[in-house]
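Dear colleague,

Please find below the structure that I am handing over to you. My findings follow directly after it.

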Amino acid sequence: MASILVLNGPNLNLLGSREPDQYGYRTLQEIMEELGRFAGACGHELDHVQENSEGDLVEAVHKAAHEGVGYIIINPAAYTHTSVALRDALLAVRIPFVEVHLSAVAAREPFRQVSYFSDIAMGVITGFQGESYMLALQAIINQIEP
Ligand code: DQA
């Protein structure tokens, strides 16, 4: 059994009503409940944290290391394009992670095409709205049980 943490950055608490053309109509709670059910059915434990501030996300990464989390699925949201601090936290704890985006960031504004995480991630999944998280979870479970 692995412990998997899903970490979501700023404004993702507004999913469902926030720019639905980009991010879809499902709420974060709906997406996370589906993920939790799937992880549980596969015999894994899944926890979920959403924070709007950078420092709280860094703290959540540190806590994950203390609690023995095996894998992280992270959507750093706007911090994807700015946060050296969050990148350094993930490097420090050495927990393998998948970077996830709901929207197709490569097809959006140029500033969104810079990620401080992609080069150190296990992999990156973008553009499938809420399903991006499920694809990331399936990829992690496939790594655990090939
Ligand atoms: C996002 C893409 C980011 O550019 C944006 O700032 C977000 C959400 C996504 O999931 O598509 O908040 O990470």
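Please bear in mind throughout that the model is a predicted one. Apart from neighbours within four places in sequence, valine 93 is in contact with Val61, His62 and Ala65. The C-alpha atom of valine 93 is separated by 9.7 Å from that of lysine 63, although the two residues are 30 residues apart along the chain.

Those contacts lead to the packing of two helices. Two packed helices are described by the angle between their axes and the distance between the axes. Helix 3 covers residues 54-66 and helix 4 covers residues 84-93; they pack at an angle of about 5°, and their axes are 9 Å apart. Since angles under 35 degrees count as roughly parallel, helix 3 and helix 4 are therefore roughly parallel to each other. On the side of helix 3, the contact is made by Glu54, Leu57, Val58, Val61, His62 and Ala65, while helix 4 contributes Ala85, Leu86, Ala89, Leu90 and Val93. Sorted by class, this contact of helix 3 with helix 4 has 9 nonpolar, 1 polar and 1 charged residues.

I turn next to the ligand. Which residues are around the ligand? They are Arg18, Tyr23, Asn75, Ala77, Ala78, His81, His101, Leu102, Ser103, Val105 and Arg112. By class, this shell has 5 nonpolar, 4 polar and 2 charged residues.

- Asparagine 75: an N or O atom in the side chain is 2.8 Å from an oxygen atom of the ligand.
- Histidine 101: a polar side-chain atom lies 2.8 Å from an oxygen atom of the ligand.
- Serine 103: a polar side-chain atom lies 2.6 Å from an oxygen atom of the ligand.

On its own, the ligand has 320 Å² of accessible area, and the protein covers 98% of that area.

Yours sincerely

Technical notes
Residues are numbered from 1 along each chain as its sequence is written. This is a predicted model: local features need pLDDT of at least 70, side-chain atom pairs count only at pLDDT 80 or more; totals for chains, interfaces and linings use all residues. Side-chain values use heavy atoms; hydrogens and water are left out. A residue is near a molecule or strand if one of its heavy atoms lies within 4 Å of it. A polar contact is a pair of N or O atoms within 3.5 Å; within protein, one must be able to donate a hydrogen and the other to accept it, and residues adjacent in sequence count only if both atoms are side-chain atoms. Accessible areas come from the Shrake-Rupley method with a 1.4 Å probe; for residues, only the protein chains shown count as cover. Ala, Val, Leu, Ile, Met, Phe, Trp, Tyr, Cys and Pro count as nonpolar, Asp, Glu, Lys and Arg as charged, and the others, Gly among them, as polar. Axes are lines fitted to C-alpha atoms, for helices over the stretch in contact, and angles run from 0 to 180 degrees between N-to-C directions. Helices (H or I, at least four residues) and strands (E, at least two) are DSSP runs, numbered from the N terminus. Angles under 35 degrees count as roughly parallel, over 145 as roughly antiparallel, 65 to 115 as roughly perpendicular and the rest as oblique. Contact means heavy atoms within 4.5 Å.
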